[in-house]
Amino acid sequence: MAELPFRYFDCDNHYYEALDAFTRYLEPEYRKRGIQWAEIDGKTRLLVAGKVNKFIPNPTFDPVAAPGVMDEYFRGRNPKSADPRQLFGQLEPIRPEYRDRDARLALMDRQGMDGAIFLPTLGVGMEQYLTHDIPALTATFRAFNRWLDEDWGFAYRERIFAAPYITLSDPAGAVRELEWVLERDARFVVMVGGPVHTAVGDRAPGDPMFDGFWQLADDSGITVIYHGGETAYTRIQSYWGENDFTEAFRANAFRGLSSPDPIHDTIASHLALGLFHRFPNLRIASIELGSAWVFHLFEKLTKSYGQVPHLYPEDPRETFRKHLFVSPYYEDELAGLLKLVGVDRILMGSDYPHVEGLADPSTYIKDLENFDYTAEQCRAVMRDNGLALTVRRPVR
């Protein structure tokens with residue numbers, strides 16, 4: 001464990017969902033249209049809309065791989081060319097702290113962690129499989145958020161900040177759900193990037209039809225998180241015949257080479273549509289999506305602003321710096337990101353306890369130090385920036 005002179009705040013922690021996370025509070029009329037469990041050939045399988053779902057190969061999470069066992073792989077080091085799933089090593093019974101908040105608090109104390117944003121594991125992969133049935137989709141995540149509030153809490157002891165999942169597919173429903181979670185003291189909400197499938201077709205998430213949601217997010221001072229997961233962009237990969245993208249950790253060289261990036265295009269769309277001009281208090285954080293996309297977007301913004309400055313209320317790069325927070329992968333080019341967006345927009349995120357994250361979240365500081373971050377900058381990234389987002393700042 002890294003010896004830190006402060007208790008840190010982790011912006012990317014995860015739980016492993018309980019088996020009834022999507023069903024405990026699901027209305028009876030949606031039970032066969034949403035998420036179910038079934039025994040098939042002696043194995044417990046996840047059914048989504050009546051079909052076996054492979055987003056997570058082992059969706060019961062018991063047994064599960066130990067935290068951080070794929071750290072070297074995600075740093076680009078796999079000299080023996082082992083299949084990613086071989087790197088999981090010996091699976092272990094699920095640990096209490098993955099599903100019990102008080103056990104997790106005790107672990108956080110041992111880790112030197114002051115607080116953390118808690119995000120779904122299975123949950124970020126389910127929306128796209130239900131977009132054909134918007135009532136079932138919205139009911140499924142209403143049920144999920146009520147489970148999340150009961151088992152984890154949205155601001156438990158001001159240390160565990162579990163982010164409820166919001167889908168924009170039903171714009172009015174998204175407003176009602178945001179109102180519900182705000183009443184229960186949520187500080188963050190989470191969603192995936194990319195186009196939103198609605199009853200009238202696919203729309204950009206910054207389309208005015210969603211302004212009711214964004215207005216409430218703006219007024220309340222909550223932080224909207226975009227997190228990695230299954231997005232509408234999966235369909236783009238299928239155009240190339242790459243159908244294995246729907247299963248996590250299946251080896252596929254094209255996965256690491258393809259260019260479509262939902263977070264890049266989502267933020268680009270927000271800037272192009274003037275979302276932050278309409279809602280000047282809005283805060284958005286990009287979690288577990290790396291930071292390579294930021295460099296690509298800034299390059300494009302520079303050219304676009306030079307060509308059509310009249311289409312922007314201000315330099316879009318400055319708009320980005322005012323409204324966006326980025327949690328880079330620990331293996332990213334952290335020095336360049338610091339120069340591009342400034343230290344106050346960078347968030348530490350360990351992805352604990354996932355296999356691709358850090359076994360010891362506190363060691364994130366070593367990567368910052370390797371890129372010559374000062375002690376003050378390390379503290380800002382490792383603690384102050386994330387902690388500040390737990391305070392909602394409504395419009396005065």
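Trainee: How do β7 and β10 pair, parallel or antiparallel?

Mentor: In this predicted model, strand β7 (residues 188-191) and strand β10 (residues 223-227) pair in the parallel sense. The pairing runs over 4 bridges.

Trainee: Which residue stands opposite Val 189?

Mentor: Val 224, in β10.

Trainee: And which way do the β7 residues point?

Mentor: Phe 188 and Val 190 point one way. Val 189 and Met 191 point the other way. All of them are buried.

Trainee: Back to β10. Is Ile 225 buried or exposed, and why?

Mentor: Ile 225 sits in strand β10. It counts as buried because its relative accessibility is 1%, and the cut-off for buried is under 20%.

Trainee: What is Ile 225 in contact with, leaving aside neighbours within four places in sequence?

Mentor: From β7, Phe 188, Val 189, Val 190 and Met 191. Ile 225 is also in contact with Ile 117, Leu 119, Ala 285 and Ile 287.

Trainee: How many residues apart along the chain are Ile 225 and Leu 119?

Mentor: They are 106 residues apart. Their C-alpha atoms are separated by 9.6 Å.

Trainee: Now the core. How many residues has the largest nonpolar core?

Mentor: It has 108 residues. Those with the most contacts inside it are Phe 213, Trp 214, Ile 267 and Phe 320. Helix α4 (residues 171-183) gives the largest share, 6 residues.

Trainee: What does Ile 267 touch?

Mentor: Not counting residues up to four places away in sequence, Ile 267 touches Tyr 226, Ile 284, Trp 293, Leu 297, Phe 320 and Leu 324.

Trainee: What follows α5?

Mentor: Gly 221, with a positive phi near 80°.

Trainee: Which residues other than glycine have a positive phi?

Mentor: Ala 49 is one of them, with phi near 55°. Ala 49 is in the loop between β3 (43-48) and β4. It is partly exposed, at 24% relative accessible area. Phe 61 has phi near 60° and is in the loop between β4 and α1. Phe 61 is buried, at 3%.

Trainee: Where are the cis peptide bonds?

Mentor: One joins Asp 62 and Pro 63, with omega about 10°. Pro 63 is in the loop between β4 (51-52) and α1 (71-74). Another runs from Tyr 352 to Pro 353, with omega near 5°. Pro 353 lies in the loop between α11 (334-341) and α12 (364-370).

Trainee: Last topic. How many cavities of 30 Å³ or more are there?

Mentor: There are 2. Of its 15 lining residues, Glu 127, Val 192, Gly 194, Pro 195 and Val 196 are the closest to its centre. The lining divides into 8 nonpolar, 6 polar and 1 charged.

Methods:
Residues numbered from 1 in each chain as written. Predicted model: local features only at pLDDT ≥ 70, side-chain atom pairs only at ≥ 80, totals over all residues. Heavy atoms only, no water. 1 Å grid on protein atoms, 1.4 Å probe; cavity = no way out; pocket = protein on both sides within 12 Å on 5 of 7 lines; lining within 4 Å. Points joined across faces, edges and corners; volume = space filled by probe spheres on them. Nonpolar A, V, L, I, M, F, W, Y, C, P; charged D, E, K, R; others polar. Buried < 20%, exposed > 50% of the residue type's maximum accessible area, 1.4 Å probe, protein only. Helix = DSSP H or I, 4+ residues; strand = E, 2+ residues; numbered from the N terminus. Pairing = 2+ DSSP bridges. Core = buried A, V, L, I, M, F, W, Y, C linked by side-chain atoms within 4.5 Å. Contact = heavy atoms within 4.5 Å.
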